[in-house]
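Dear colleague,

I am passing on to you the structure that we spoke about, together with some notes on what turned up in it. Please have the sequence and the coordinates open while you read.

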Amino acid sequence: MTQPSHHDHHRPSRPAEGAPVYWSTLEQYFDTPAYRERAGEEFFPDAKPERYFEAEDGNAGNGSGMSRRGFLKLSGFAAVMAALQGCERPVQKIIPYVNAPEEITPGVQMYYATTCMECPAACGAISTNRDGRPIKVEGNAAHPMSRGGMCARGQATFQNLYNPDRVTQPYEFSDTASNWLPVEWDAAISRAASQLAALGGKKVVLLSPTLHGPSHRRLLADLKRAFPTFEHVQFDPLQSGADARAAESLFGVRALPRYKFDKARTVVLFGGDPIGQGASRVEYQHDLAMRRKPGPEMSRLYAFEPVPTMTGTYSDYRFRVAPQHLLTVAAAVARAAAPGSPVASAVPALSLEDAEREAGIPAGTLAKMVERLKADAGDSIVYCNAANNAGPEGETLAALCLALNHALGNVGKTIDLAATPSNQALGSHRALAGLVGEINSGAVGALFLLDVNPVYQLPETSGIAEAIPMVPLTVSLSRYRDESVFYTKLQLPGRHWLESWGDAEPQAGLYSILQPMIDMPWQCRQWEDTLMQLATAAGSDVFKREIPHAITATDEEKAKPPAVRAATYHEYVKESWADLHKRYDVEASFDSFWESVLRNGFFDQAYKRRDDFASAQPAFKADGLRAMSPAAFEAKPSDLNLVLYASNVHGDGDSMLMPFLLELPDAHTKVAWDNYIGLSKSKADALALETGDWAEVSANGGSVQGPVWIWPGLDDRTVAVMLGWGRRIAAGVGPGYGIDATPLVKAESNGWSYRGAAAKVEKREEDTSARNPEKGVRLGAVNLSISNRIAGKYPFANVQGHNYLEGRPIFFETTLHQLDTPDFEHHIYNHHSSNAFQNMWGKEHKYAGHHWGMTIDYNACSSCGACVVACQAENNIPVVGKGDVIKGREMHWIRIDRYYRGDVDNPDHAFQAMLCQHCGTAPCETVCPVIATLHNDEGLNTMIYNRCVGTRYCSNNCPYKVRRFNFLLYQDWDTPSLKLQRNPDVTVRSRGVMEKCTYCVQRINHARVSAKLEDRQIRDGEVLTACQSTCPTDAIVFGNLNDPESRVSKLKAGNRNYSLLAELNTRPRTTYLAIVRNPNTTLEPAGTARTEGEG
Amino acid sequence: MAEMQHDVHHSGGDAALAALKARTPAVIAPGHSFESVTESISHIVLAKRTPIGWFFGFAIAFALLMLLNVTIAKLLLTGIGIWGNNVPVGWAFDIINFVWWIGIGHAGTLISAILLLFRQQWRTSINRFAEAMTLFAVACAAMFPLLHTGRPWLAVYWLFPYPNSMGLWPQFRSPLIWDVFAVSTYGTVSALFWFTGLVPDMATLRDRAKSKGAKIIFGMLSLGWRGSARHWHRYEMAYLLLAGISTPLVLSVHSVVSFDFAVSVLPGWHATIFPPYFVAGAIYSGFAMVMTLAIPLRKYYQLDGFITMRHIHNMTKVMLVTGMIVAYGYANEAFFAWYAGNQYESYMMLNRMTGPYAVFYWTLIAINAGMIQLFWFRSVRDNIGLLFVLSLLVNVGMWLERFVIIVTSLHRDFLPSSWDIYYPTRWDFAMFAGTIGLFLSLFFLFVRFLPALAIFEMRTITPEAKLKLEHHG
């Protein structure tokens, strides 16, 4: 390159050899003289405005080249252009909704019945749709299982549906590129189909959790016809299958018992947690709560458990026992409660006193319990948790409890095995173990993974990770990239259940339908369609449907055989229901039957048998008791025993994709965003460990490092770790949170057991560089770095730093026999109700029209957290991320406070749902300088978000601390799919704004509109707040206080009603119904003696 | 000013009085004349050369001021989540700093207005820079009510009652609105008072200035002051009226600030003693700040002839009195926590004394109740170096008092479930340091470009003035 000479400086210098040369005009390219003349000028001569004006005007005498007229023209032009700038930019083209679906009215909610498939429990659900997109799901009130309730997982399901991290098109692993490459559906199907066609007798295996819909059954049978070597392996990681095996050996039916807790006056739990981990949680939760209404029929619950469970802490009596002692106590109880029965003679001779002594239970307790159990024979349930223990102990415990139930006469009365047994968890570990063996022997030619993630869910020793790649054709039908997907070669992404057709039969005879609510603009197909298309492409006729000739077809065309295609799953489901229609001889025509099913969401063929099933029970086979392992009874607890447990929220780890659930604090420890190595205080002291210390727990030949949490209520000989955490790959959110406990899982002959003896916990030095990577939480959260608040300790996102009531009159309880005494009434009325305090304004303010209020019944609340998530989903509440939870900035409008009482190792638990109390004389209102929070004329304490400037004074002055502040921009404003998730009736708050519970004012307004249209009053129960609506136990009641006949007015008039912090004279409209415990009046062991009041 | 000069006139008297006078340092060092007073004060402003030390100090202050700018920019862009505030601790450094600065401002007004009305002529030497200090402290304080909000761009005008088509008014029942009125009134009156007092001195500077620029600027600022009798008459009247207006403000502003807390339901805030206790605390911390500023000022500008030990002693005594009132407030709070028998109140007190922030509580008790007892001793009052340290400690103590009141009350209130802990972040400290930077920057500029002491008032306390008065009388 030569230096450009000075006289040549207008000309662009020639670039270096080989450098890319850009040019704009031909003149420049050829470097013509004309170009060179102009090159240095900014404007080409004819583009100069003054020249234009000169030419027209002729006499530009002022020397500037600008005439007066030209100036005016130019400024006029500028003014017009400036005005045009006011038009919206960029221009948005609107496509008018010309062919709008007939039923959709913009802004009006539509409700569709469907079935929640977040877990195989398959509760009936109602999806609320707005403008063609589902924004909320709720329990189907008519459905016999859900009865309007829904769990936290169901409520968070939208974060699965609208998750921006979903895989939105098929991917194939390319060996050449050693990477996943996108592939078209047709190509993927045809390639996989040709591989399937060439399997040559090897097995085609579908590995999935329990599938129980009629269409699924038919599909599996049809797949077997399409591929004679087809096999379906059901695997529910947390269901070892022990319960079903016990039913098989004792009754000859392979079924999961269906428990009727509403019929049980006495319930004894041996490590069982029907609310938290049962197969049909929402149903059990509801039923259990129904029997907790104060009165002679109120149930009494006894729990024996190593780890605090939701049902355990809900019980009247809770005893901490080592895991091995569950069998000891159960055996002694069986002998005493059913003397002479087969089960009593099949268990070792153990007296109640021996069991009490051995297990550390206060003396005399068991005898009293047995007395009650005997009295309530036929009205009781003995429930155990064998589901996550595939070892001999689990199998033995399952058999023992079922046999004891039989001996007590409960089978047929409170337990149903045959009339309408549960299908909700029929998977077994055994089958999967068998599958690994088959793969290793080379018998499997194709493996489809559906909604299972065995590489994460099982320990390395299972060999599944090595086995999967040995299969020639491996297809993942998962919606996400998870750990197992990376061992397959092809991912054909499935759909969310809100995008799918389908059906379910969670309990025999209860048929439930799924209908799609939305078609996300992604290339996902529901797995049933994928498999039917694959089978058809592989040459099978099973799913073939003819495409009829068009009406306009010529005769010549009509003569040809019609084209074929695979059936759509919609057609397939409809056909299955036509079968049902025929099989059950339904009177109505199929069309009206189908329509009614779509409208109701289910078809309960078994409704007559649901409550009256005594006659249908199979005969008891005492021989089956031989399945009990004598060695299991011999097992003695070691110094420290491992229990891996699953929570009702996190299950086996799917929750890691749903930030709502990650941020939902654990019911007992109130820790969010983490699991931990749980130890009791005494044990931790003995091991010189503190909360936040880093430790290694080893058992069953594996070891795991993690932070320690001192957990009151945990058995002293137990170390507990929650399952479902520590995902390595879980889309954008989950990885890096918590610790993966699967290395501690023990392989057993029947599968895997989540127990272990001789566990060790040792302090370790934490490698803090490997600490939570704080990955971007995309689902509506902003991250800040986690500051380690206490030097050297692991930072936990614990939302409740203080666990004790400090003797404050916050939580009230009484016992059944004290409830109706005048003393109790007097105490509540005079000290803890607003009535007791004078109103300084003389008389109460009268609200014309409606006056809304709420009660929350402690007796019903089991602390499941569904309300918290429901409120988040309904009210567009953001997730703030672990860092901000640590800082104390969680946004939940409703929270569940958990208080302990008594001994640090063995405390009583109290749960209190806290939300805005909508005070009559609200301290927040008078201190807001801009009137952003004030009363409306229906008694609601409202927030005007766009008026709020964020002084936070209202929060400071709120005695209940239920106000939440957007310290940062927590909402995700950008991700398109997340916008669909939001409720359009609720403002999406920005940063700097205070927010809080509104009693779901948008729902009140909807009810008001519909009442007005029908020219009537809002009916009692017409307005259900989101928390109330989802609450499986009906603990929350909302309504009009001006109507003395409303449910809420009646509850408030009851003697259990009290106002929290009534002495501050805030006159809350949310009041609480004191908890009533039901202890044995002659038996009040230490720590369980419950008296009225805490104060 | 004639009234004040009578004090000087009464200088005869009996022997006891004479002995007392001998022990009490004069309010102005002997040997000063009109000319020497005028020269030594105006020299600071009119000198061509700025002392190198000034640049050094100003550089530090200005760097902190830039830190404030960065912090505010970050705050506006990100949100107040950059601070450590949370729920339940909705207010922390933001309001602590607000109350602290506004409290510091009080000494200026007290000196200018109340001491003027009480004819305390010793105020003359310190009133000018104390007023400036007030103004700058109010500037620092006024920033926080705005910036502590989540959306200051709205708060900036929604907090003021302005007529609008929506018929929306602020919540007049909210103490925060009272704050807005109190602080804006206070700021306005302080500025007027300060400027009015400056006018005759501006004229002096105008007359003495050598450079054209200074002549023009001081000429404009002196508002055409010619020193005529009518000017003096009107000036005196205006000054007196402003003093009358300011006097209730001394009491009202911090009372209103204390209502931010007293009006709430929170244990630890909900206390009737707050208004007097806050006012005393404000004067206490304000005098400490005056002392903190006066000691270096008199040293580096050789003003110890004007700010004499008499002033130092008097300020120390005011601090002793107000400090004791504050200490009484602490005792009173503790007493009522016990006597009221309210478990939330008693827990609050217990938590202050033994909770996670107990160290701050005991530090503040040690300073505000313990350390100030040193002020009883004349040897301490004479020890300038020690007094400087002690005055700084008083400000630390008063800052901690606000920390204890705000944070420890909030972090554990009624429901134990919502109890949490508060940790400041580096942005909290940056904001605090930044306001100190703003304050000091303004003060450095003030010392350099305006007369830090009231020249004409200082002239009135020289012996010359006395002579003239006697001559005329």
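This is a predicted model: local features need pLDDT of at least 70, side-chain atom pairs count only at pLDDT 80 or more; totals for chains, interfaces and linings use all residues.

To begin with chain A, its 1095 residues are 60% buried, and the chain contains 38 helices and 44 strands. Among contacts in chain A between residues at least 6 apart in sequence, those that join residues at least 24 apart make up 74%.

Turning to the interface, 57 residues of chain B are in contact with 56 residues of chain A, and the two chains bury about 4500 Å² between them, with 56% of that area on carbon and sulfur atoms. On the side of chain B, the residues that lose the most area to chain A are V87(B), R151(B) and L415(B), which together account for 15% of what that side buries.

Across the same interface, 35 residue pairs are in polar contact, counting pairs in which both residues have a pLDDT of 80 or more. Several helices of chain B, namely helix 4 (52–78), helix 7 (152–158), helix 8 (175–208), helix 10 (229–262) and helix 13 (343–354), each supply at least two residues of the side that touches chain A. The residues of that side divide into 35 nonpolar, 16 polar and six charged.

P88(B) itself is placed in the loop between helix 4 and helix 5 (93–117) of chain B.

As for the nonpolar cores, the largest has 245 residues, of which W101(B), F129(B) and F446(B) touch the most other members. Helix 11 of chain B, residues 274–300, provides the largest share of this core, with 16 residues. If residues up to four places away in sequence are left aside, F129(B) touches V290(B), L293(B), A294(B), L297(B), I307(B), F443(B), F446(B), A452(B) and L453(B). Apart from this core lies another, of 52 residues, including F270(A), V329(A), V333(A) and A398(A).

R147(A), with phi of about 45°, is in the loop between strand 3 (133–139) and helix 5 (152–155). K670(A), with phi near 60°, is in the loop between helix 27 (659–663) and strand 23 (671–672).

Finally, S834(A) lies in the loop between helix 30 (822–832) and strand 34 (852–857) of chain A, and at 12% relative accessibility it counts as buried. The C-alpha atoms of S834(A) and T1066(A) are separated by 8.0 Å, although the two residues are 232 residues apart along the chain. Not counting residues up to four places away in sequence, S834(A) touches S1059(A), A1062(A), R1067(A) and P1068(A).

With best wishes

Technical notes
Residues are numbered from 1 along each chain as its sequence is written. Chains are lettered from A and ligands numbered from 1 in the order in which they are written. Side-chain values use heavy atoms; hydrogens and water are left out. Contact means heavy atoms within 4.5 Å. Buried area is the accessible area (1.4 Å probe) that two parts lose on being put together, summed over both. A polar contact is a pair of N or O atoms within 3.5 Å; within protein, one must be able to donate a hydrogen and the other to accept it, and residues adjacent in sequence count only if both atoms are side-chain atoms. Helices (H or I, at least four residues) and strands (E, at least two) are DSSP runs, numbered from the N terminus. Ala, Val, Leu, Ile, Met, Phe, Trp, Tyr, Cys and Pro count as nonpolar, Asp, Glu, Lys and Arg as charged, and the others, Gly among them, as polar. A nonpolar core is a set of buried Ala, Val, Leu, Ile, Met, Phe, Trp, Tyr and Cys residues joined through side-chain atoms within 4.5 Å. Buried means under 20% relative accessible area, exposed over 50%, partly exposed in between (1.4 Å probe, protein chains only).
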